Amino acid sequence: MILSLSKDTIQVLKEQDVVFLKNRVKETAVKIKMGLVNQTRLLTACSELVRNMMRYADGGVCIIEVVSSGRNNGVRLTFSDRGPGIPDIAAAMRDGFSTGKSLGLGLPGTKRLVNEFDIKSKMGEGTVVTIVKWANG
Amino acid sequence: MSLKTHQLLKNKKKTILELWMKNQLADESLREDLISNDELRSQSEELIDALVSNLSLENFTNLESDEWSPVIEILGGISITRARQGFSPRETGNFVFSLKEAILDVLQQEVTNDPAKLFSESMKVNRIMDSLSVVTFETFIKGREEVILRQTDEITEISTPVIRVWEGILALPIIGTLDSARTQIVMENLLQEIVETGSSIAILDISGVPAVDSLVAQHLIKTVSATRLMGAECIISGIRPEIAQTVVHLGIDLSNIITKATLASALAYSFKVMRLEVKKISTLTKL
Amino acid sequence: MDKIPILRMGAFLLVTIQVDLYDRLALNLEADLVKMVNKTNAKGVLIDISAVSIVDSFMGRIIGNIASMSKILDAETVVVGMQPAVAITLIELGLPLKGVHTALDMEKGMNMLKSMIDSNEEDTDEDQTDYDLIAE
């Protein structure tokens, strides 16, 4: 069972917001004593997801939460946008698949960096990506 | 009625303590090697003080009430320390059980002419002391679990030493199964050490790894790739013949990785890369 | 607009990235650096990322691009000082930065570039001799 201990909602519409968001995520990770390598994984995952949000949906909202499950604490990030949505999630989760001109590592790579990864998308309504990174995991 | 028990405990505090100490010291399983008598006495006194001074009428039998939390805290502190000091559960349990005996003894001496009352008061004391025993065991086990967790951490620390074999060459003997948690630690330690020592070659020796399956191989490849990204080379040595067989049978591609059969040949290769030469000096030459 | 300074040292260009790159800054760096390689006829590019705490797939791609573009302009690229956490993250992300040379620090990177250029020149000399022989 995952308990949410704190919640912080951040609007991401401009490039400056991205820097602000990353700083907040880092602060949160430091607060729960996440190790440096896991911090880097979390921030890199955050960077990938926020770029997707900016590129395909002109921004959105990110919720930063401190979560706890048993002895372990972690950070949960929820990215939601009102963009066009992802037509084929299974394809988007494959290495090397991209509709844009990127390397196509964003989503599958992000999944490898975090402990929990969930993606929901509806055509024309938007996409919600939720990730959890545990402090020691 | 409970007023009396409460009062009684307060008045007879000294007697109970003496009796309890006597009980404890008489116990054959007393660990004089782990705890001195003075220490035991001060522990016992602390607990009785808390027990007596925190009792009030309404909550005498209600262990959930706030008044009990100092007692539980003290008791918890004592049993956690005991768990760490290496007391057995029985020895820790006896600490509380002998207190119960002491209290019941005093109660019996004081309430002489009313068997019904003696029984009901004894039951109350029993109930409380039993709850306290449960608390003791719970914290004792928690203390032991903490010890186990700390030891697990220590084992992972110990089992992944990074050795500086030469200026610029690190060696990392891996002993035991390489799972993903272990790989994380091995990789982090290795990369950190590379930065700190400025070493350009790292040797991962897997002589002590019992088996290499595709998952272990994947972990090894990951470590090698990360080392290369940092600008150092990573050699895998200590590959036993049966491991070479399984690797090929499983179809694992290690062709991008420098592999050597022994740590010695990995070291020789490293010397070559670093343009170093090891020479045998003539026996005639005086040192 | 923010710019990352590019220093010229002999036949090499040095870039020290002191801030965490955001996308536009990285794109500017790519363009500036390729222009500089062309203008100065540099033989090597040294990029120090020891102060960079995050490299995601976009930055990884820019670094790869710089290396490939410089290669076409006959310059080798060496990335130096990558943090352990960054290296681990890049591997897990699936970006081993193939085709990019790496070194532990500036000094080692510089030596690497020098030896690469020396061997390249030796190759050219040999080619030259072969050609002369054939010509004769």
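**Notes on strand β3 of chain C and its neighbours**

1. In chain C, strand β2 (residues 12-16) runs parallel to β3(C), and five bridges join the pair. Two strands count as paired if DSSP finds at least two bridges between them, while helices (H or I, at least four residues) and strands (E, at least two) are DSSP runs numbered from the N terminus. Across this pairing, F12(C) sits opposite G44(C) of β3(C). Helix α1 (residues 23-40) of chain C carries the chain from β2(C) to β3(C) in a right-handed β-α-β crossover. Right-handed here says that, with the strands pointing away from the viewer, the path from the first strand over the helix to the second runs clockwise.

2. A word on the basis: this is a predicted model, in which local features need pLDDT of at least 70, side-chain atom pairs count only at pLDDT 80 or more, and totals for chains, interfaces and linings use all residues. Residues are numbered from 1 along each chain as its sequence is written, with chains lettered from A and ligands numbered from 1 in the order in which they are written.

3. Strand β3 (residues 44-48) of chain C is largely enclosed by the rest of the structure, because five of its five residues are buried (20 or more other C-beta atoms within 10 Å of the residue's own, with C-beta atoms placed from the backbone). G44(C), L46(C) and D48(C) point one way, V45(C) and I47(C) the other.

4. On to strand β4 (residues 76-80) of chain C: β3(C) pairs with β4(C) in parallel over five bridges, and D48(C) has V80(C) as its bridge partner. With helix α2 (residues 57-72) of chain C, these two strands form a right-handed β-α-β unit.

How values were computed: A residue is buried if 20 or more other C-beta atoms lie within 10 Å of its own, exposed if 12 or fewer, and partly exposed in between; C-beta atoms are placed from the backbone.
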